[in-house]
Amino acid sequence: MVPRIMRDRFLRACRREPVDRTPVWFMRQAGRYMAEYRALRTKHTILDICRTPELALEVTLQPLRKFDFDAAILFADILLPLAPMGASFEFAKGEGPVIHEPIRSRAQIDKLRVIDPEEDLAYVLEAVRMIRRELDGKTPLIGFAGAPFTLASYLIEGGRSSHFVLTKTLMYQDPDSWNALMTTLSAVVLRLLNAQIDAGAQAVQLFDSWVGQLSPDDYATYVAPHVRGILQPLMTRGVPVLHFGTGTATLLEAQRDAGGTVIGVDWRTPLDDAWRRLGDGVAVQGNLDPTLLLAPRDVLLAAAGRVLDRAANRNGHVFNLGHGILPETPVDNVAAVVDFVHQRSER
Ligand code: CP3
């Protein structure tokens with residue numbers, strides 16, 4: 001019998017076990033930089049793809065067919081839970097997400113529902129089951145959700161933001177309403193990640209993409225207790241929990257203390273500095289600047305080599321970008337860096 005080959009170096013690295021090569025996957029590895037994705041998008045909206053498990057499965061697999069990635073990530077979006085909670089939204093062309101009625105009052109916060117994922121996001125969980133079946137144990141599947149601060153910022157600002165003025169104003173002016181909103185969002189996120197694990201996700205990542213907007217004091221006061229309330233129970237589930245943010249150079253220790261078996265590091269902090277501060281108790285994920293994928297090949301591979309040098313083949317490194325892959329990224333550069341990481345890190 002031919003032994004089934006299980007690509008487990010991603011899960012092994014998350015657990016800080018020895019690996020044959022450094023595992024690599026990219027945030028937003030499915031998306032517009034791929035012609036296969038753009039072709040599907042001429043026929044379906046992003047929300048159609050997310051809400052149709054067969055399409056979500058197809059898009060999840062696209063990057064795995066083309067590149068030698070060590071993990072799959074569920075195709076979905078961090079904003080999906082907002083609609084069944086009572087905050088409808090759309091992805092407007094060229095603008096990104098638009099929340100139809102941004103949160104401006106306590107009454108709106110009190111009306112938000114704590115959803116039941118099996119009922120309200122059944123299509124996400126069905127996609128998880130279908131992807132697991134299709135991957136057949138060969139490549140591990142990562143589930144994910146947005147963190148409460150990042151989700152709150154979309155709900156309050158109504159879309160993308162540069163200074164997070166409305167979000168921080170609510171936080172400072174009315175901490176009671178802020179805590180009510182963060183408590184509801186945290187309950188939803190915990191339920192959703194637990195449901196994804198029940199459906200077969202072999203690791204989960206919490207995306208706190210915009211939390212680097214906060215000072216360490218404000219993170220400790222307004223965010224950390226909520227994130228801890230999500231991550232501590234998840235860490236009893238026996239699957240790796242990846243805790244990611246950007247602009248978090250001054251928050252890394254506080255994020256680690258809130259929870260996570262793997263801490264995401266962006267390119268602003270050298271990986272070895274980050275790891276020294278985080279200590280031996282966690283794995284690290286990162287941290288190539290995604291813009292380097294648009295650079296000349298020699299510049300790109302030299303930078304990827306420096307990330308590997310800083311990790312020095314220590315147990316517990318998951319190679320990734322410091323944030324999601326950009327739509328302008330040349331496909332050949334993705335293939336080149338994935339293969340380079342595997343070759344250069346062979347033990
Ligand atoms: O990583 C993957 O391959 C899985 C899919 C995934 C998507 N969104 C699909 C998507 C993941 C993990 C996300 C997470 C997400 N969504 C985050 C956190 C990660 C990060 O990048 O910080 C955030 C902040 C969102 C919210 C969101 N969704 C925005 C701001 C946008 C618009 C971005 C843009 O450039 O237009 C989306 C839409 C979206 N979600 C796209 C994809 C592939 C692009 C939309 C399209 O196809 O038109």
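Visitor: Where does L141 lie?
Guide: L141 lies in strand 4, which covers residues 141-146. The model here is a predicted one.

Visitor: And is L141 buried or exposed?
Guide: L141 is buried, with a relative accessible area of 1%. Buried means under 20%, so a value of 1% puts L141 in that class.

Visitor: What is L141 in contact with, leaving aside neighbours within four places in sequence?
Guide: The contacts of L141 include A72, I73 and L74. L141 is also in contact with V128, I131, R132 and L135. A201, Q202 and A203 are on the list too.

Visitor: How far apart in space are L141 and T22?
Guide: From C-alpha to C-alpha, L141 and T22 are 17 Å apart. In sequence they are 119 residues apart.

Visitor: Let's zoom out. How many helices and strands are in the chain?
Guide: The chain has 16 helices and nine strands. Its radius of gyration is 19 Å, close to the 20 Å that the globule rule gives for 347 residues, so the chain is as compact as a globular protein of that length.

Visitor: What does the C-alpha trace span along its principal axes?
Guide: The trace spans about 60 × 45 × 40 Å.

Visitor: What percentage of the residues is buried?
Guide: Buried residues make up 57% of the 347 in the chain. The accessible surface of the chain comes to about 14,200 Å², and carbon and sulfur atoms account for 50% of that surface.

Visitor: Which residues touch the most other members of the largest nonpolar core?
Guide: They are F10, F26, L181 and L288, in a core of 131 residues. Helix 11, residues 175-199, gives the most to this core, with 13 residues. In soluble globular proteins, nonpolar side chains tend to be buried together.

Visitor: What share of contacts with a separation of 6 or more comes from residues 24 or more positions apart?
Guide: Residues 24 or more positions apart account for 73% of those contacts in the chain.

Visitor: Now R28. Where does R28 lie?
Guide: R28 lies in the loop between helix 1 (9-14) and helix 2 (35-41). Phi of R28 is near 60°, a positive value in a residue other than glycine.

Visitor: Is R28 buried or exposed?
Guide: R28 is exposed, with a relative accessible area of 55%. The cut-off for exposed is over 50%, so R28 counts as exposed at 55%. Not counting residues up to four places away in sequence, R28 touches Y33, G324 and I325.

Visitor: How far is R28 from P63?
Guide: Their C-alpha atoms are separated by 9.8 Å, and R28 and P63 are 35 residues apart along the chain.

Visitor: What about F164, what is its phi?
Guide: Phi of F164 is near 55°, which is a positive value in a residue other than glycine. F164 lies in the loop between helix 9 (148-157) and helix 10 (165-173).

Visitor: Is F164 buried or exposed?
Guide: F164 counts as buried, at 3% relative accessibility.

Visitor: Different topic. Which peptide bond is cis?
Guide: The bond from G286 to N287 is cis, with omega near -5°. N287 lies in strand 8, residues 283-288.

Visitor: Where is L278 found?
Guide: L278 is found in helix 14, residues 271-278. L278 is buried, with a relative accessible area of 3%.

Visitor: What does L278 touch, not counting residues up to four places away in sequence?
Guide: L278 touches L252, E253, R256, I263, V265 and V284.

Visitor: One more residue, G229. Where is G229 found?
Guide: G229 is found in helix 12, residues 216-234. At 39% relative accessibility, G229 counts as partly exposed.

Visitor: Last one: how far apart are the mean positions of the positive and negative charges?
Guide: The mean positions of the 39 positive and 41 negative charges of the chain are 3 Å apart.

Key. Residues numbered from 1 in each chain as written. Predicted model: local features only at pLDDT ≥ 70, side-chain atom pairs only at ≥ 80, totals over all residues. Heavy atoms only, no water. Helix = DSSP H or I, 4+ residues; strand = E, 2+ residues; numbered from the N terminus. Rg over C-alpha atoms; globule rule 2.2 N^0.38 Å. Buried < 20%, exposed > 50% of the residue type's maximum accessible area, 1.4 Å probe, protein only. Contact = heavy atoms within 4.5 Å. Areas by Shrake-Rupley, 256 points an atom, 1.4 Å probe, with all protein chains shown as cover. Lys, Arg positive; Asp, Glu negative; His and termini not counted. Charge placed at Lys NZ, Arg CZ, Asp CG, Glu CD. Core = buried A, V, L, I, M, F, W, Y, C linked by side-chain atoms within 4.5 Å.
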